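Thanks for coming, everyone. I have one fold to walk through this morning. Please bring it up on your screens.

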Amino acid sequence: MAALYSGWVTRAKTLPAIWLISDARNDAGLERTLARLPRGSGFIYRHYHLSDAERHARFRALRRVAKARGHMTILADSALTAREWGADGIYGAPRSLTPRRAGLIHLATAHSLGELGLAARIGADAALLSPVFPTRSHPGGGTLGAVRFRLLAGRSPLPVIALGGMNRHRAGALRWPRWAAIDGLSQ
């Protein structure tokens, strides 16, 4: 257990505190938002709404802006594509992150303690636990709420990034060191 905890601390120190996630609805302002983020933040590029060629071109343009600000760029795709495109890592459901690829950050999605455990077993560097609060992505969907989020995150064997309805105000109220947002950082 000490070795696991030691690895968690090492990985946690290298992960950004704030993460911007791309989406069709925040695409138009991403360059501006990336330039406004604190230096060394994280950027998770999804853009599932674009064709492959458009998605790659948009990634290249946004990666230039992100890198100029020292941001980590993570791609929601395969490790092979992430390497080809020059991303720092990959993002997705735990099972989509296997097998583990050296040299890439692996960020897993999680919605339960079981998924946090699976993410840890496959060697993810961190998990985005969601939804903490109501979101535009899933209107009317269930949420964890602050108390349940903190209980699950506190039991996680790996670093947790809060996601779902997050913005600067809610992150401050939640008092969690790492958080991610789509709308909450884009407005």
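Leaving aside neighbours within four places in sequence, which residues is S130 in contact with? They are A110, H111, L144 and L163. Contact here means heavy atoms within 4.5 Å. S130 is found in the loop between β6 and α6. S130 counts as buried because its relative accessibility is 10%. Buried means under 20% relative accessible area, exposed over 50%, and partly exposed in between, using a 1.4 Å probe and protein chains only.

Some ground rules. This is a predicted model: local features need pLDDT of at least 70, side-chain atom pairs count only at pLDDT 80 or more, and totals for chains, interfaces and linings use all residues. Residues are numbered from 1 along each chain as its sequence is written, and side-chain values use heavy atoms, with hydrogens and water left out.

Now the overall picture. The protein chain has eight helices and eight strands. Those are DSSP runs numbered from the N terminus: helices are H or I, at least four residues, and strands are E, at least two. Of the 187 residues in the protein chain, 50% count as buried. Take contacts with a separation of 6 or more: residues 24 or more positions apart account for 52% of them.

Next, the barrel. Eight strands close into it in the order β1-β2-β3-β4-β5-β6-β7-β8, and the pairing is parallel. Neighbouring strands of this sheet are turned by 25 degrees against each other on average, direction ignored. For pairing, DSSP must find at least two bridges between two strands. β6 and β7 run parallel and are joined by three bridges. In that area, A127 stands opposite V160 in β7.

On to helix α3. α3 packs on the sheet, where it touches β2 (42-45) and β3 (72-75), and its direction makes about 160 degrees with that of β3. Axes are lines fitted to C-alpha atoms, for helices over the stretch in contact, and angles run from 0 to 180 degrees between N-to-C directions.

Two residues of α3 deserve a slide. R55 lies in this helix. R55 is buried because its relative accessible area is 7%. What does the side chain of R55 make a polar contact with? The side chain of D77, at 2.6 Å. A polar contact is a pair of N or O atoms within 3.5 Å; within protein, one must be able to donate a hydrogen and the other to accept it, and residues adjacent in sequence count only if both atoms are side-chain atoms. Not counting residues up to four places away in sequence, R55 also touches others, including Y45, Y48, L75 and W85.

A66 lies in α3, residues 52-68. With 0% relative accessibility, A66 counts as buried.

Then helix α5, residues 113-121. Its buried residues are L116, G117, L118 and A119. They pack against β5 (105-110), β6 (126-129), α6 (145-155) and β7 (160-163). After α5 comes G123, whose phi is positive, near 90 degrees.

Last, the cores. A nonpolar core is a set of buried Ala, Val, Leu, Ile, Met, Phe, Trp, Tyr and Cys residues joined through side-chain atoms within 4.5 Å. The largest has 43 residues, and L129, F149, A162, M166 and W179 have the most contacts inside it. A second, separate core of 16 residues includes W19, M72, I161 and I182.
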